[in-house]
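Colleague: Could you walk me through one part of this model in some detail? I would like to take a close look at how the two chains meet, and then at whatever lies around that.

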Amino acid sequence: MEKRATFSKTSVGVMFVLPQILLVFTFFYWPTGAALYWAFTLERPWGGGNEWVGLDNFRQVFADRAYWGSIIRSIIFAGATSFLSMGFGLLLAVACDRGLKFYQAFRTVFVWPYAVVAPAAALAFRFIFAPEAGIFSALVKSNHEFWNPAQNGYHAMTMIIVCYSWKYAAYCFIFFLAALQAIPRSVIEASALDGAGVLRRVRDIQLPLITPTFFFLLVISITDSFQDSFGIVDVMTDGGPAKATEFMVYKIYFDGFRGLDYSGAAAQSIVLMFLMMVLTFFQFRFIERRIHYS
Amino acid sequence: MKSKLIATAATLLLAATTSAFSAERVKFEMWHGLTGDLGGAVEEVCKRFNDSQADYEITCTSQGSYDNALQNAIAAYRAKKNPTIVQVFDAGTLDLLLSEAYVPARKLMADNGYKINWEDYIPAISNYYANSKGELNSFPFNSSTAMFYWNKDAFAKIGKTSAPKTWDETFDALKALKSAGYECPMAWNYDTWPIMEQSSAINNLPIATKGNGYQGLDAEFAVNKTKFVDIVKNLKKAYDDGLVKIKTPDTGATIVQAFSNADCQVMLSSIADHGTVGKTQKPDMQWEVAMLPTLTGAERHNSLVGGASLWALQGKTDGEYKGAAAFFNFIAQPDSALFWSTRTGYIPVTKSGFEFMKAQGFYDKAPYKGRELAIASLNASPITENTRGIRLGGFVQIRKEMRDALTDIFANKVSVDDGINSAVERSNAVLRKFEKTYAGKMLP
């Protein structure tokens, strides 16, 4: 028989839920509502009046080539960083799970990058990649065209992707390792006895069994890459050179907080929110179907 | 148990009353955007004010940057928790001016019984911040202008003992420096401030219609129609010839660092960096500042003031406004100017402050010598429509558009004309949106 704990009175239950509802309302629905309102008006930064303009802000945003550029860059960034961070995270996790030499030490070390805050990591990577001062300067002494993220947009983008993936590989590593260790040893041992090699075991046993984690990380990586790139971009490139690393979130920050165009930034936030919702919906609709939760 | 509780309550009460007695000074807050050494200097100014009188106590808090100071002040103002005084940088002036969030400087001082000689402010500074009637709404505080920094040792090698006066002479000198074996004759960082804003003023070129925006929000950005285009073309050519090198944090060194350690021989930067260069320079390096070069044949006009001003915000008590007025009065005193300019590279904002510093021999001594040229640059001519200042909405975005265009131009992605034209077009979209946001508002 199923056991269930229930509250004798509805009011008690409501009281338990109330703090949570209040929090969600104050920190999510209220700001979203305000942003939605601003997106349809022209808001003056110091207050004192705003005018209803309907869809003008959205029209302006979509008519802007630079905005489409920022959407495309954000999507490329999401794809590249998810691939790199999940790929490396998985590789390291499989190696640690196998119990290779010194794996206990590595298991601890591999987690560290995630603990480094984004701006600090960005500062370090900026130095590493600086063509005239950092470690890369030795490589480019003879040829400045070879590496110059201050002028070449592709170089700057590469630099940001590497820095971000370095940090998020650690995050993926934690989850992959936990998932791998949750696989019953008996299954692995049985397949080993049947003569399956390491790669075969990874492909046929481990990967299929950790697909739920894989899916979770995919959703989180893509969502996070849209939002979390800010700290790195702000320190490393300021969105430059010439908008080459200006992602959607950085553009929202710049237009809203630095340019004081609150309405334009609000409209962009709404677009970003919808994009995230659509992306996540598609992931659940088409990828989750192929996943088996045991 | 109960007696213990009463005892605690009594102690608390006593503590409360004693602190009430000692805290009879009116406290008020100022938020500013300076950090590091300059932030420390602001706090010293506040401490000097607190030590100078017993009625008021100012607390000065750095918000991390000009942008943050402005954003945080806006957020706080909207929540009615704003500080009494906020420091707002030049490009943030217009939004505040069009709002009802501030107490005009004149009214504040008159209400609190201070007689300020408004004519005492250096015209290039007061005109920049003043409204259409020529009245100041905020107090110019940390003020600077762009200067030409040159390495005297390097120039001596090419037989020059003075700084070039025109751009043509500058490029000739850069060529000679290159031939003399200098890897980086001039450092540049895509900054629009010296080459667009300052150079336009110095050569009396408009950067926008309607008197650079002072006559109305319908002004149009127009640098693509002036000789600014030639300045960029020549700079680009110099870059292609290896006379100009890009120095930004992502290449490894800023222009100030590159100049201070004698890697680069020339830079255009704020007079506020005078102190930094002096403190961080390569030992025994001989260097000086000069006024920015003009275009050949152009008459020199005054340069623009940069930096920030202090605003009194609405919604405070009379006592706090009295304190704010006392503080503004304090920083306007000549010896405050002397302290401020000695401690930082900023210039005095009043004529009397400047005269006082001259009389004290401030500008004769080594580390400060040359800074008087910044005042000379600001005073180079009477103010014209083109040299008054810039009053354009969304100017932070406009600067970014131009900087992005310059980056593309220098990376050979677009031609000089196309790059500047598209930046102007995008900037005008920003201006039109700003105009619509403040529809029905007149410039005060």
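Modeller: Happy to! In this predicted model, 30 residues of chain B are in contact with 29 residues of chain A. On the side of chain B that touches chain A, the elements giving two or more residues are helix H3 (66-78), helix H4 (93-97), helix H18 (395-410) and helix H19 (416-437) of chain B. H18(B) gives the most to that side, with six residues. By residue class, the side of chain B that touches chain A divides into 12 nonpolar, nine polar and nine charged.

Staying with chain B, let's turn to its strands. Strand E1 (residues 26-32) of chain B pairs in the parallel sense with strand E2 (residues 56-62) of chain B, over seven bridges. Within this pairing, Lys27(B) stands opposite Glu57(B) in E2(B). To get from E1(B) to E2(B), the chain crosses through helix H2 (residues 36-52) of chain B, and this β-α-β crossover is right-handed. E1(B) also pairs in the parallel sense with strand E3 (residues 85-89) of chain B, over two bridges; here Trp31(B) stands opposite Val86(B) in E3(B).

Four residues of domain 1 of chain A are in contact with seven residues of domain 2 of chain A. On the domain 1 side of that contact, the residues divide into four nonpolar, no polar and no charged.

Technical notes. Residues are numbered from 1 along each chain as its sequence is written. Chains are lettered from A and ligands numbered from 1 in the order in which they are written. This is a predicted model: local features need pLDDT of at least 70, side-chain atom pairs count only at pLDDT 80 or more; totals for chains, interfaces and linings use all residues. Two residues are in contact if their C-beta atoms, placed from the backbone, lie within 7 Å. Helices (H or I, at least four residues) and strands (E, at least two) are DSSP runs, numbered from the N terminus. Ala, Val, Leu, Ile, Met, Phe, Trp, Tyr, Cys and Pro count as nonpolar, Asp, Glu, Lys and Arg as charged, and the others, Gly among them, as polar. Two strands pair if DSSP finds at least two bridges between them. A crossover is right-handed if, with the strands pointing away from the viewer, the path from the first strand over the helix to the second runs clockwise.
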